[in-house]
Amino acid sequence: MKQRTNIFFWVPNFITTMNLVSGTLAVFFGADGQLGWAAVFIFAASVFDFCDGFAARLLHSYSEIGKELDSLADLVSFGLAPATIVFTMLELALFGVNRPIFEIEATFGQWVTLFTTLLIPVAGAFRLAKFNTDSRQTESFLGLPIPANAIFFASLALVLELGTKQNIAHFILNRHVLLIAIFLFSFLMVSEIPMFSMKFKNLNLKKNSVRFLFLAGVILLLAILRLYALPLIIVWYVLLSVVSRLVTRN
């Protein structure tokens, strides 16, 4: 029985480790300019991040080690990895090419622009620390969950790699657009804005109305825009969270 319990204990931790491995690979590919692969590994990390919590609940194998490991993995996969992607996108926006950092010839202002990406992992670290120590976030979130932040930037990378509309690519690879996205999503992560959770405890329509509305919007966006819907899904999540909170308060 003890051996079986130990096996159950390591199942969610193994899944969390795969989250970390995926995030680390995303960093490698992102720094090398392979934005599509970096995005794929961030999406893989988000799947593992969902599965480790599901496995922990299913097997009743919660532990302090698992909690700490999950946060450390999330910081790499959803904080550092998207920052690497955005750094590369800013290189493309400023210079039209991705180079090793010691080969970049930039002005002081351009270096400041590039290193603005550091806000993403810093804000992500504060977001995770806040979540781990805040008892108010058991049923919902205060601030944007760090995986949503990573999925947004990974989605932009996929649009750049797989999209065929050059006007959208030019819009994304605009340093002003990228800087606004960096500041906005970093702010959202550390904010006190309530965000709903996608954890279904039951299928009651009234109690899960916001979640069902979100899923309906996701399906509609994907049906109409397909690949280009991916970053807009995160925007939809933020807007719906804000609107639903305002409706509830009124």
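1. The lining of the second largest pocket in this predicted model comprises 20 nonpolar residues, with no polar and no charged ones. The volume of this pocket is about 400 Å³. Among its 20 lining residues, those closest to the centre are Phe152, Leu156, Phe171, Pro231 and Leu232.

2. As to the origin of this lining, four helices each contribute at least two residues: H6, H7 (166-172), H8 (175-190) and H10 (230-249). The largest share comes from H8, which supplies seven residues of the lining.

3. Two of the helices that supply this lining, H6 and H10, also pack against each other at an angle of about 155 degrees, their axes being 7 Å apart. The two helices are therefore roughly antiparallel, because an angle over 145 degrees falls in that class. On the H6 side the contact involves Ala148, Ile151, Phe152, Ser155, Leu156, Leu158 and Val159; on the H10 side it involves Leu230, Pro231, Ile234 and Val235. By class, the residues of this contact are 10 nonpolar, one polar and no charged. Phe152 and Leu156 of H6 and Pro231 of H10 take part in this contact, and these three residues are also among those closest to the centre of the second largest pocket.

4. Helix H6 (residues 146-162) has a further packing partner in helix H5 (residues 119-133), again at an angle of about 155 degrees, with the axes 10 Å apart. That angle makes H5 roughly antiparallel to H6. Here Ile120, Gly124, Arg127 and Leu128 of H5 meet Ile146, Asn149 and Phe153 of H6. The residues of this contact divide into four nonpolar, two polar and one charged. The contact of H6 with H10, by comparison, includes no charged residue.

5. In one of them, Phe196 and Phe214 have ring centres 5.7 Å apart and planes at 70 degrees, so the pair is edge-to-face. Phe196 belongs to the loop between strand S2 (194-195) and helix H9 (209-225), whereas Phe214 lies in helix H9 itself; the pair therefore ties together parts that are 18 residues apart in sequence.

Note on methods:
Residues are numbered from 1 along each chain as its sequence is written. This is a predicted model: local features need pLDDT of at least 70, side-chain atom pairs count only at pLDDT 80 or more; totals for chains, interfaces and linings use all residues. Side-chain values use heavy atoms; hydrogens and water are left out. Axes are lines fitted to C-alpha atoms, for helices over the stretch in contact, and angles run from 0 to 180 degrees between N-to-C directions. Angles under 35 degrees count as roughly parallel, over 145 as roughly antiparallel, 65 to 115 as roughly perpendicular and the rest as oblique. Contact means heavy atoms within 4.5 Å. Ala, Val, Leu, Ile, Met, Phe, Trp, Tyr, Cys and Pro count as nonpolar, Asp, Glu, Lys and Arg as charged, and the others, Gly among them, as polar. On a 1 Å grid over the protein atoms alone, a cavity is a set of points where a 1.4 Å probe fits but cannot get out, and a pocket is an open set with protein on both sides within 12 Å along at least five of seven lines; lining residues have an atom within 4 Å of a point. Grid points are joined across faces, edges and corners, and a volume is the space filled by probe spheres set on the points. Rings of Phe, Tyr and Trp (its six-membered ring) pair if their centres lie within 6.5 Å; planes under 30 degrees apart count as stacked, over 60 as edge-to-face and the rest as tilted.
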